[in-house]
Amino acid sequence: MSEAAPNAAIKGAGQPPCSELLAAIVASSGDAIISLDLDGNITAWNPAAQKLFGFTPQEAIGKSAAVLLWPAHLSQQAVETLHKVAREEGPFHYESQRQKKDGTLVEVSVTAFGVRNDADKLIGISAIYRDIGEHKQVQADREAHAYTRGLIESCLDAMLIVGGDLVITDINEQAGKLFRTTRDALIGSRFDSYFTDPGHAAQGIHRSLSEGYVSDYELALKPVNGKQILVSVNASVFRGAAGQIGGVFAVARDVTQQRELERELRQAQTYTRGLIESSLDAMLTVDRNLVIMDVNEQMAKMTEVPKSMLIGNRFDRCFTDPERAAGGVNETLKEGFVTNYDLAIHTPKWPGDSGLF
């Protein structure tokens with residue numbers, strides 16, 4: 001009795017025999033487990049293998065694995081793999097494709113190893129297959145998302161995703177800088193609440209949803225520390241995989257400085273125009289082809305021809321000696337200037353005659 005207890009414990013008293021325990025483990029495994037003989041014929045096929053590949057044990061056992069599971073372009077690779085596993089003692093890990101009963105291919109992770117008898121003679125090969133197609137797709141989606149996110153974050157313009165309810169669901173870092181607040185504060189808040197004219201801002205989103213996009217839609221952010229910021233928004237609708245509208249993708253650019261420069265330019269042009277028009281001398285601009293590009297009102301009075309008829313016409317036709325007039329322009333282009341260059345203006349001969357045609 002004193003010797004029986006230790007032996008019983010070593011053998012696992014009350015437990016099933018080792019072969020039955022192994023069979024139970026194989027049967028309950030979530031991974032497909034397949035055994036082959038040295039000729040490559042299937043000798044064992046667990047329920048997970050049936051689930052993964054579609055073949056029942058009756059359809060698989062006794063068949064050649066090369067015919068059953070490997071597409072034609074992988075058959076030679078399969079044979080080489082079997083030979084490599086047979087030569088190596090340890091498990092052999094790799095990823096490959098296998099063919100299911102319906103003909104489709106599945107991405108699998110394979111762990112293959114040789115099966116030996118008590119005399120250490122190789123009698124077969126077993127392989128554990130795990131479907132990694134979904135995992136690879138998830139990984140590919142993650143990589144695509146990371147790439148897209150990188151592009152969005154590297155953009156110098158503010159980017160926002162806005163729902164049909166005007167709630168902001170995502171932004172890039174530049175949006176936080178433009179709106180002068182944090183990412184956490186922006187996400188979940190209403191897009192229109194950040195502008196001096198909320199109704200106009202809301203209308204831009206609604207137009208995007210109804211028309212598909214808006215472009216150069218100008219809005220004024222509420223002043224922060226007394227500073228007014230103007231933004232130009234381009235927005236378009238994006239859709240989900242099923243085609244349903246997912247929201248509006250909006251890109252906002254700070255155009256405050258640009259608008260200020262445009263305003264200053266308009267003021268300068270108005271000022272310059274005022275000086276030109278107030279001059280008592282006739283003034284005009286001529287291009288290299290002798291075409292009049294611009295004139296002041298005094299030139300129209302002197303020629304007795306409306307400005308609208310002068311602009312676009314030839315400079316030399318305004319004078320009694322067109323050749324000399326053309327020579328004056330050419331000399332100016334060559335030397336940079338001419339002075340005291342006398343010409344006689346050609347005025348109309350009768351009412352309605354421009355004198356130029």
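**Entry 1: terms and overall picture**

I count as a helix a DSSP run of H or I with at least four residues, and as a strand a run of E with at least two; both are numbered from the N terminus. I am working with a predicted model.

I began with the totals. The protein has 14 helices and 12 strands. It has 357 residues, and 32% of them count as buried. I then looked up the accessible surface, which comes to about 22,000 Å². Carbon and sulfur atoms hold 54% of that surface. I also checked contacts with a separation of 6 or more: 37% of them join residues 24 or more positions apart.

**Entry 2: the open sheet**

I traced an open sheet of 5 strands next. Its order is β2-β1-β5-β4-β3, and the pairing is antiparallel. Which strands stand at the edges? They are β2 (42-45) and β3 (92-99). Each has a single partner strand, so one side of each is left without a neighbour in the sheet. The twist from one strand to the next averages 30°.

I zoomed in on one pair. Strand β1 covers residues 32-36 and pairs with β2 in the antiparallel sense, over 3 bridges. Isoleucine 34 has tryptophan 45 of β2 as its bridge partner.

**Entry 3: helix α10**

I moved to α10, residues 198-211. This helix has 14 residues. From first C-alpha to last it reaches 20 Å, close to the 20 Å expected at 1.5 Å a residue. Which residues of α10 are buried? I found Ala201, Ala202, Gly204, Ile205 and Ser208. Seen down the axis of α10, the buried residues fall within an arc of 150°, so they line one face of the helix.

I then asked what the buried residues of α10 pack against. The list holds four strands: β6 (158-162), β8, β9 and β10 (245-254). Glycine 212 follows the helix, and its phi is positive, near 100°.

β8 takes in residues 213-224 and β9 residues 227-239. They run antiparallel, joined by 8 bridges. Valine 224 stands opposite lysine 227 in β9. The hairpin has 2 residues between the strands. I checked asparagine 225 there and found a positive phi near 60°.

**Entry 4: helix α14**

I turned to α14, residues 322-335. Its 14 residues should span 20 Å at 1.5 Å a residue, and its end C-alpha atoms are 20 Å apart, which agrees. The buried residues of α14 are Ala325, Ala326, Gly328 and Val329. Down the axis of α14 they fall within an arc of 150°, so they line one face of the helix.

Which exposed residues does the face turned away from the buried side carry? I noted Glu323 and Lys334. Part of the cover over the buried residues of α14 includes β11 (284-286). Glycine 336 follows α14; its phi is positive, near 100°.

Threonine 285 has aspartate 294 of β12 as its bridge partner. How many residues lie between β11 and β12 in their hairpin? I counted 5. Leucine 290 in the turn has a positive phi of about 70°.

Note on methods: Residues numbered from 1 in each chain as written. Predicted model: local features only at pLDDT ≥ 70, side-chain atom pairs only at ≥ 80, totals over all residues. Heavy atoms only, no water. Pairing = 2+ DSSP bridges. Axes fitted to C-alpha atoms, helices over the stretch in contact; angles between N-to-C directions. Expected span 1.5 Å × (residues − 1). Buried < 20%, exposed > 50% of the residue type's maximum accessible area, 1.4 Å probe, protein only. Arc of directions from axis to C-beta. Contact = heavy atoms within 4.5 Å. Areas by Shrake-Rupley, 256 points an atom, 1.4 Å probe, with all protein chains shown as cover.
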